[in-house]
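Take a moment with the model below. Follow the chain from its start to its end, then read on.

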Amino acid sequence: MAFRRWLLCEVCRIEAEQTMIKRSTRFTLFFVPLFPVKPSTYYVQCANCNAFRRMDSRAVARLAA
Ligand SMILES: [Zn+2]
């Protein structure tokens with residue numbers, strides 16, 4: 001899952017397209033999560049400076065709405 005939003009980048013301080021990538025638990029086998037304890041992690045990549053940073057899943061949910 002990935003989506004894009006035009007936002008101010010915290011790294012380069014320029015308003016650029018930010019791609020949000022959902023990264024769920026890595027330990028999946030036949031689509032059954034073996035360790036479903038950890039909440040899914042989101043990574044945001046800036047189209048301007050290409051910096052990756054983690055984002056709080058609740059903040060992403062606000063942006064996705
Ligand atoms: Zn940036």
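Helices (H or I, at least four residues) and strands (E, at least two) are DSSP runs, numbered from the N terminus. Read along the sequence, this chain goes β-β-β-β-β-β-α. That makes six strands and one helix.

A word on the source. This is a predicted model: local features need pLDDT of at least 70, side-chain atom pairs count only at pLDDT 80 or more, and totals for chains, interfaces and linings use all residues. Residues are numbered from 1 along each chain as its sequence is written.

Start with strand β1, residues 2-8. Its partner is strand β2, residues 15-23. Two strands pair if DSSP finds at least two bridges between them. Here seven bridges join β1 to β2, and the strands run antiparallel. Arg5 stands opposite Gln18 in β2. Six residues lie between the two strands, which form a hairpin. In the turn, Arg13 has a positive phi of about 60°.

Now move to β2 and strand β5, residues 41-46. These two also pair in the antiparallel sense, over six bridges. Lys22 stands opposite Tyr42 in β5.

Leu8 counts as exposed because it has 11 C-beta neighbours inside 10 Å. Its C-alpha atom is 8.3 Å from that of Gln18, 10 residues apart along the chain. Of the 65 residues of the chain, 8% count as buried.

Terms used:
A residue is buried if 20 or more other C-beta atoms lie within 10 Å of its own, exposed if 12 or fewer, and partly exposed in between; C-beta atoms are placed from the backbone.
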